[in-house]
Protein chains: 2
Amino acid sequence: MKGISIKDIAKQAGVSPTTVSFVLNGKAKEKRISEQVSKKIQKIANRLKYKPNQLARGLRTGKTKTIGLIVEDIANNFFASLAKVVEDEADKHGYKVLYGSTEDNTEKAKGLLEVLKYRQVDGYIITPTKNLDKDIEQLKSAAKPIILMDRYFPHVSSNYVVVDNYKGAYNATSHLIKQGYKKIAVVTLASDQVQMKDRLEGYTQALKDHHVPFSKTLVKRLPFDLDRVHSNEEIKKFLTSVKDLDAVFFATNYLGIYGIESIRSLGWQIGKEIGVVSFDDHDIFRLHSPAITCVSQPIGEIGRRIVDVLMKELNHPFATPQQIVLEPELIVRESSMHKG
Amino acid sequence: MKGISIKDIAKQAGVSPTTVSFVLNGKAKEKRISEQVSKKIQKIANRLKYKPNQLARGLRTGKTKTIGLIVEDIANNFFASLAKVVEDEADKHGYKVLYGSTEDNTEKAKGLLEVLKYRQVDGYIITPTKNLDKDIEQLKSAAKPIILMDRYFPHVSSNYVVVDNYKGAYNATSHLIKQGYKKIAVVTLASDQVQMKDRLEGYTQALKDHHVPFSKTLVKRLPFDLDRVHSNEEIKKFLTSVKDLDAVFFATNYLGIYGIESIRSLGWQIGKEIGVVSFDDHDIFRLHSPAITCVSQPIGEIGRRIVDVLMKELNHPFATPQQIVLEPELIVRESSMHKG
DNA sequence: ACGCTGGGCTAAATCGATATAGCATCGTTT
DNA sequence: AAACGATGCTATATCGATTTAGCCCAGCGT
């Protein structure tokens with residue numbers, strides 16, 4: 001029932017637990033354990049299928065070989081796909097992942113950080129919420145490897161992997177303009193987090209650069225925690241309130257999904273009557289008819305870079321912060337191609 | 001930097017660590033610790049924000065307050081949504097979740113079980129793959145709480161939570177028949193796991209009960225690991241090969257998604273030329289036009305029951321196996337309503 | 001005055017691994 | 001032959017909590 005411990009091996013081999021530990025940790029040479037003893041121990045360990053007790057090891061070494069993954073919502077396709085990549089990559093390094101969803105709620109996020117902390121995770125992958133900067137800095141000063149994702153705090157020097165949200169939004173908006181759409185609205189979150197700001201700025205700058213008039217009435221901000229039904233109501237109210245509207249840019253995948261739903265229930269023809277582009281790709285966008293143009297994030301790449309940076313920092317603490325900005329890709333589909 | 005330990009509290013309170021442990025574990029009464037001392041310790045613990053080191057505790061007690069969640073694919077909407085529910089429910093009981101995806105690959109599943117085992121998780125939520133029965137029984141005989149989900153092994157007595165796959169498929173098929181569809185095919189996985197068998201049986205029995213002729217040529221089985229492109233090819237080949245076909249039942253959500261894609265690329269009109277029903281709901285099905293009829297699993301309920309059973313077993317080992325079969329719901333949408 | 005009971009608390013062992021300090025033994029050097 | 005340095009291995013403390021066994025003292029009965 002109980003697992004095989006280092007003592008069991010020691011007993012069978014007729015040596016001390018210390019020796020066994022040395023050998024199994026590859027320190028045989030360094031600690032001058034003879035070939036014979038070394039081999040004998042290896043053999044017995046294999047035969048008994050010895051697996052070190054991670055708890056005991058963690059208690060002694062302070063390393064749990066576990067990383068904490070804090071996402072906005074594990075049920076959201078973007079984060080779930082990322083979780084999959086992170087799981088795979090971490091596994092390659094012998095790490096397991098503890099996850100948690102913040103719902104973009106600062107209190108929940110703080111709670112998660114605390115739990116992960118006293119569970120002694122070795123490193124953190126964090127999708128930060130508003131006002132989480134202090135907590136992040138606290139962790140940093142505790143010398144814990146951390147990497148932010150999806151967004152970051154401009155005034156905090158930390159690792160992060162994000163996409164160029166500005167460029168993504170800029171390209172999306174420019175694309176709509178080039179397709180002949182004239183009055184382009186944006187639906188975003190009522191959030192002043194950097195990723196949302198950047199997307200909004202990309203949008204406004206694109207309008208400016210192409211000499212398309214901008215007005216505040218073209219911007220709708222929805223609270224994060226609004227449910228589907230109410231979001232749809234708000235979006236519909238907004239879309240019908242803008243005169244001569246002929247295109248919308250949705251700033252996140254689920255806003256895009258709500259948006260499509262809303263537009264459809266208004267009976268408007270996507271693509272013709274109203275151009276649509278959303279941030280983030282999703283099966284829905286690909287399969288929708290008409291298919292929805294989107295700004296796609298390279299999820300595999302993001303996940304790989306995240307784990308890569310984290311592992312490097314786990315092995316060489318105090319590395320200089322890595323701030324990685326990946327290129328999003330504009331995937332043009334039918335929803336933005338049939339103006340006129 | 002280092003956390004507050006029980007010793008720190010003991011020192012401040014001028015008592016022994018033992019006493020502190022008793023008090024903080026609610027054994028003050030039982031261990032006859034005086035009110036005064038008890039309160040003093042509580043106060044100090046709160047002030048220092050003491051959090052027990054889970055590793056140390058786990059090492060001593062053998063309980064890690066962690067459960068392992070093995071799913072088929074965490075990036076799949078169904079499993080991701082479930083992971084969210086499991087996370088929330090487990091959290092209520094103070095448990096964290098370690099997850100892993102099998103890709104329906106037995107070797108990966110075995111690897112996951114092993115890792116979770118030597119990480120000493122307290123209990124397991126498992127979406128089993130083929131041939132995992134032996135490993136499950138081994139865990140069971142090690143007295144580890146386990147609950148299977150989505151599928152189970154008929155010859156193994158274990159806890160499980162599933163939906164009535166037979167009934168779901170039966171209702172879906174019957175519904176198509178009642179809507180006037182005459183020649184109904186099924187696309188399923190080349191798997192002899194119970195959930196797939198049941199779905200197939202539900203389908204055939206429905207045909208039989210409604211006196212609709214059945215033929216082997218109406219069944220297509222795809223391997224699990226076929227990628228999107230090849231799956232689509234296979235599905236298209238299959239659909240065009242069946243004479244007078246006028247409806248299809250897809251036995252899983254991603255088969256449904258592939259199916260829609262395939263049918264669309266064949267240029268067939270869903271609902272009119274070909275009725276479609278899929279197992280599992282998905283945003284895509286709801287938003288597709290025409291919207292896709294589906295057999296929806298009650299994900300929230302599934303997750304809650306799973307964690308509930310697991311927690312009960314964690315607290316009272318050797319309970320009798322709970323085998324919970326929930327009702328799926330047929331959600332009728334346009335894809336099955338426009339025959340003729 | 002002596003033993004007994006029970007209240008209130010603690011010393012020490014323990015979980016399984018790792019890290020540190022150090023003990024024999026043997027061959028070599030001067 | 002005493003000193004020295006490798007060589008090969010081990011005893012012991014440690015991580016932070018829990019748990020077992022039991023100490024000490026006060027009050028009580030006889």
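Is the crossing of H5(B) and H13(B) left-handed or right-handed? In this predicted model, local features need pLDDT of at least 70 and side-chain atom pairs count only at pLDDT 80 or more, while totals for chains, interfaces and linings use all residues. Residues are numbered from 1 along each chain as its sequence is written, and chains are lettered from A and ligands numbered from 1 in the order in which they are written.

The crossing of H5(B) and H13(B) is right-handed, meaning that the near helix is turned clockwise from the far one by less than a right angle. Helices here are DSSP runs of H or I with at least four residues, and strands are runs of E with at least two, numbered from the N terminus. Helix H5 (residues 77-92) and helix H13 (residues 299-315) of chain B pack at about 45 degrees, their axes 9 Å apart. Axes are lines fitted to C-alpha atoms, for helices over the stretch in contact, and angles run from 0 to 180 degrees between N-to-C directions. H5(B) and H13(B) are therefore oblique to each other (under 35 degrees is roughly parallel, over 145 roughly antiparallel, 65 to 115 roughly perpendicular, and the rest oblique).

Between the chains, 37 residues of chain A are in contact with 38 residues of chain B (C-beta atoms, placed from the backbone, within 7 Å). The side of chain A that touches chain B has 18 nonpolar, 11 polar and 8 charged residues; Ala, Val, Leu, Ile, Met, Phe, Trp, Tyr, Cys and Pro count as nonpolar, Asp, Glu, Lys and Arg as charged, and the others, Gly among them, as polar.

Terms used. Two residues are in contact if their C-beta atoms, placed from the backbone, lie within 7 Å.
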